[in-house]
Amino acid sequence: MSNDMERRLVDSVALQAYLAQHLPAVDKDTALQIERIRGGHSNETFFITSGSEQFVLRRPPYGPLLPTAHDVGREYRILKALTDTSVPVPSPLLYCEDIQVIGAPFYLMERIPGLAIRDTLPSAFEQDIQARTGIGEALIDALVELHKVDWQQAGLEGFGKPQGYLARQLRRWTGQLEASRSRPIPDLDAVTVWLQEHLPESQVSTIVHGDYRLDNALLAPEPPARVLAIVDWEMSTLGDPLADLGYLLSFWREADDPPFSLDASWQITGLPGFSSRADLVQRYIERTGRKVEHLDFYIALAIWKLAVLLEGSYKRYLAGTTDDPFFPVLEKGVPALAKRALSVCHGEMKFLP
């Protein structure tokens, strides 16, 4: 482990003793190799290597957390439920609730040899512009498979409340916003009011990923585009499937969109060859037969929730409980997200076929 924060996040000696006791593949006499993965900004992710065996560990971030946020036990349960379905997910291996082991609950899953596309394309897609269309199509197809799963047969009774999802989301995230406040952000409050005034009737409930976007899917490194695994399930629940579609579209930049530079990963889909948002919506409609309406609400909701979540992260940064180098940009980044959400409320984003 390379610094004090990383040693606080994972006690390597205690982890090795625990894993050697619970996983036969872990050698108790050979020190674990632990690599912190910096791609995400919420739950902490580590690559764990023991001899020839490789795993992924997920645990909550260090320090005080928002209520109900960063629930790794929830991630583990959904992965277990989806393991034998057509949804591509890593196999979960164990869950530990005992905070005495590394200081927080954690779980271990298999490591999938796929790539998360963030600020650069894999070389094969860099060279083949036409193949980029398949990336959006593969993401939609994987989302369709998720929304097809019978959550009752999958053993997810009680995982969420199927009725009243959208109203509950507004109540919950408005409460999160109050808990996250460290400064006034008028645009964020304006979006809150707009969402409350434009609440549509929810669709029939499905499993909802809650954070479905390009860099939360591990893709095959070469064409044709294939989703090998959907990851980062901490916000999953039962609810309106269009919330996932709206979330994906909220990150899906087109070449002529206004500049927005909070994260370099949000620029990728503006490159030549990528599907338009309207193309993605059309593919989703064709493969589900579902009526897609009120997308402005779902997209504004997605951006608003992200702004609230990141404002909580910014508050943790101000308190000195995180060393994530991304968080200082949230001083201006969260207000920029709020402005973007408000522009969706005002009808300034194209997303319909």
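Two residues are counted as in contact when they have heavy atoms within 4.5 Å of each other. On that basis, in this predicted model, 73% of the contacts in the protein chain with a separation of 6 or more come from residues 24 or more positions apart.

As for the overall build, the protein chain has twelve helices and nine strands. Its radius of gyration comes out at 20 Å, close to the 20 Å that the globule rule gives for 353 residues, so the chain is as compact as a globular protein of that length.

Helix α9 covers residues 242-251 and helix α11 covers residues 295-319; their axes come within 8 Å and cross at roughly 70°. Since angles of 65 to 115 degrees count as roughly perpendicular, α9 and α11 are therefore roughly perpendicular to each other. As for handedness, α9 passes α11 in a right-handed crossing.

The residues that make this meeting can be named on both sides. From α9 come L242, A243, L245, G246, Y247, L249, S250 and F251, and these meet L295, Y298, I299, A302, I303 and L306 in α11. Sorted by class, the contact of α9 with α11 holds twelve nonpolar residues, two polar ones and no charged ones.

Methods:
Residues are numbered from 1 along each chain as its sequence is written. This is a predicted model: local features need pLDDT of at least 70, side-chain atom pairs count only at pLDDT 80 or more; totals for chains, interfaces and linings use all residues. Side-chain values use heavy atoms; hydrogens and water are left out. Axes are lines fitted to C-alpha atoms, for helices over the stretch in contact, and angles run from 0 to 180 degrees between N-to-C directions. Helices (H or I, at least four residues) and strands (E, at least two) are DSSP runs, numbered from the N terminus. Angles under 35 degrees count as roughly parallel, over 145 as roughly antiparallel, 65 to 115 as roughly perpendicular and the rest as oblique. A crossing is left-handed if the near helix is turned anticlockwise from the far one by less than a right angle, and right-handed if clockwise. Ala, Val, Leu, Ile, Met, Phe, Trp, Tyr, Cys and Pro count as nonpolar, Asp, Glu, Lys and Arg as charged, and the others, Gly among them, as polar. The radius of gyration is taken over C-alpha atoms; the globule rule is 2.2 Å times the number of residues to the power 0.38.
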